[in-house]
Amino acid sequence: MAQMELAGNMYEVDENGFMQETDRWTEDVARAYAAKEGVNEVTEDHWKAVNYLRNYYLQNGICPMIRRLIKETGFNLSRLYELFPQGPAQSACKWAGVPKPTGCV
Amino acid sequence: MTKKLKLTDISKGGDRPLTEINLDELVPLPPPYDKAEELREFRRLTPDQEERLVCNLDGVVSYAALPKPKNKEEGKKYVEQFVSGLKKLLSKENNWTFLQPLLLSLDYCAQCQTCCDACPIYLASGKNELYRPTYRSEIFRRLVKKYGRPGGRLWAKLNGEDIELNWATITRLYELSYRCNLCRRCTLSCPMGVDNALIAREIRKLFSQELGWAPKELHEKGTVLQLEVGSPTGLRPNVAMDNFKFLDEEFSEATGIKIETPWDKKGADVLFIHSAGDIISFPEGPISFSILCNAAGINWTLSSDIPGYDGVNYGVFYDDVQLAKVAIRHAQIGRKLGVKKIVMGECGHQHKALLTVADRVLTGELDIPRENVMTFLENIVFSGKIKFDPQKNNFPVTLHDPCNLVRNLGVVEPQRRILRYLCPQFREMTPHGIDNYCCGGGGGLSVMSDVNFTDWKAHVAGRLKLKQILEAFADQPGPEVKKYLCAPCLNCKLQFRDIFDYYKVKERSGIIFGGLGELAVNAMVDIKKPFIKWEEP
């Protein structure tokens, strides 16, 4: 298992950098991930998406489909790619501290 | 590569890779993808990863959890387990599924190398010796002769066919078995009928069932998760139904047709089983079947039983025990609902698993009729119950043939009859039908994305496929012409998603991909707005 330093602490991550210990997530972890991707200010818009994503995952055990994310946040796909450099699946999920989706998704 | 690989190299230089991938050595792609230096770089392992992980094949790692032995004894233990597994693979009691074709393939290879010219991975790699189908098969064949047959060790030394069996051999063989798409193009071309894909798959089975080595995406987070919660995606029954209800509403609004997807309807004629990942990633696919089945007046249902709403069966790729468990569950669910038949969704390996491979375990009560998606869809489209206007699909369309549905099951024509009817600009790619190339994601590879494996899939395994797609649309290559790649299989769509993302195919060539159901719905007279869209939501 790989280790990554985020916001001053060591966390277990997979080889693509996704957190494996979801319950250790904090907002600072999200900020650290964002900084790694060149986003130095995590705005209200970012939090809207990240929080929705994380809460949906914690409740349902799977990330929300993109249509739901778009509907709930009011952001279209272009806006999501503006906010999250690698897109909703790669960046936003990572910053939200949820594991990488498995299976055919 | 400068040095030509020998079979015996498989056991030499334990920690070092045998080869590496260089983009400029691969088969060139047509413009505008022809300049290797302009393409997305091939991700290499970091120094930290090189230290922690076993990476001794080709600079690519598909299984980060492959254990590094702490000492020589532990390494020897794994090798002994391999030998024990090999013996079981050759025994009737343990290999009750595929022993006969495996033995025939091991015994009758004439080494003519015809299969190598059929292999898309070998060709795309620029004919890298490591990816020759016979490289892997011959190494395994010699190990079988040496350890699986009496007097084998002496015979090997006398024949000059000795392959040393050590830690490097088995770890490289493990990874190498996951450099095959199980597409069986080699089998099709072999004059003897030797099945190199089966050999690769049986090697995977040996590792999984005896050593417990299998990609976590296929096992721990694959079949195991599916049997526990319903789907390898982690989609639980209530979440699946809730998501589908959401889609019913969204698409009812978008299409102007009231869509209601039935669940758990006892005594329905048809139990339809989608690939659940479609619900999350390509919802237009499953919803198109809801629209079509309802419009055609079919008495059908989905099931919310675990895993009745997810037709995938990754066991086909690596493990007979898991294969049997999942298939039996699917059939039991159909029996419990009392349906007349089970129909597959747009997923290739689902067809292979449930329609043929699982035959042997679906006996008695479990022998419930199963139908493939293409004949089912063809009957709907030509039933006369739905009015279509093919002019709504007046854009260039080409067809990808999922290996498991077309080459391996022989379902070739129904989808073409539909496309010729509903798509005025349908054109075949070259080669097509049973000779078509694998998408590069076959054999379970499309859901595997550990370390830098996706780079290998997008750059190497999928290379010939991308070339084919571009050539099929060579008459109108620019992004201003909207084009559709019909790919009726979720595994293939995932691979295309990776390839298209790596090469920016939608932006540079104007091509999108999707299933066949969407094309049918897009042509429906009753749909007021286009169902297929090139712009993002």
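Predicted model: local features only at pLDDT ≥ 70, side-chain atom pairs only at ≥ 80, totals over all residues.
Author: Residues are numbered from 1 along each chain as its sequence is written, and chains are lettered from A and ligands numbered from 1 in the order in which they are written.

Reader: Why is helix H20 of chain B called largely enclosed by the rest of the structure?

Author: A residue is buried if 20 or more other C-beta atoms lie within 10 Å of its own, exposed if 12 or fewer, and partly exposed in between, with C-beta atoms placed from the backbone. In H20(B), residues 463–472, seven of the 10 residues are buried, so the helix is largely enclosed. Among them are B:Leu466, B:Ile469 and B:Leu470. A helix here is a DSSP run of H or I with at least four residues, a strand is a run of E with at least two, and both are numbered from the N terminus.

Reader: What makes the radius of gyration of chain A agree with that of a compact globule?

Author: The radius is taken over C-alpha atoms, and the globule rule is 2.2 Å times the number of residues to the power 0.38. For 105 residues the rule gives a value near 13 Å, and chain A has 13 Å, so the two agree. Buried residues make up 34% of chain A.

Reader: How do you know which strands stand at the edges of the sheet in chain B?

Author: Two strands pair if DSSP finds at least two bridges between them. The open sheet has the order S6-S5-S7-S8 (chain B), with parallel pairing. S6(B) and S8(B) each have a single partner strand, so one side of each is left without a neighbour in the sheet. S5(B) and S7(B) are paired over three bridges, and B:Leu399 has B:Cys486 as its bridge partner in S7(B).

Reader: Which residues count as in contact where chain A touches chain B, and how many are there?

Author: Two residues are in contact if their C-beta atoms, placed from the backbone, lie within 7 Å. By that rule, 16 residues of chain A and 28 residues of chain B take part. On the side of chain A, H3(A) gives the most, with three residues.

Reader: What makes chain B a chain with domains 1, 2 and 3?

Author: The bounds come from an automatic or database domain assignment. That assignment gives domain 1 (7–211), domain 2 (220–378) and domain 3 (380–522).
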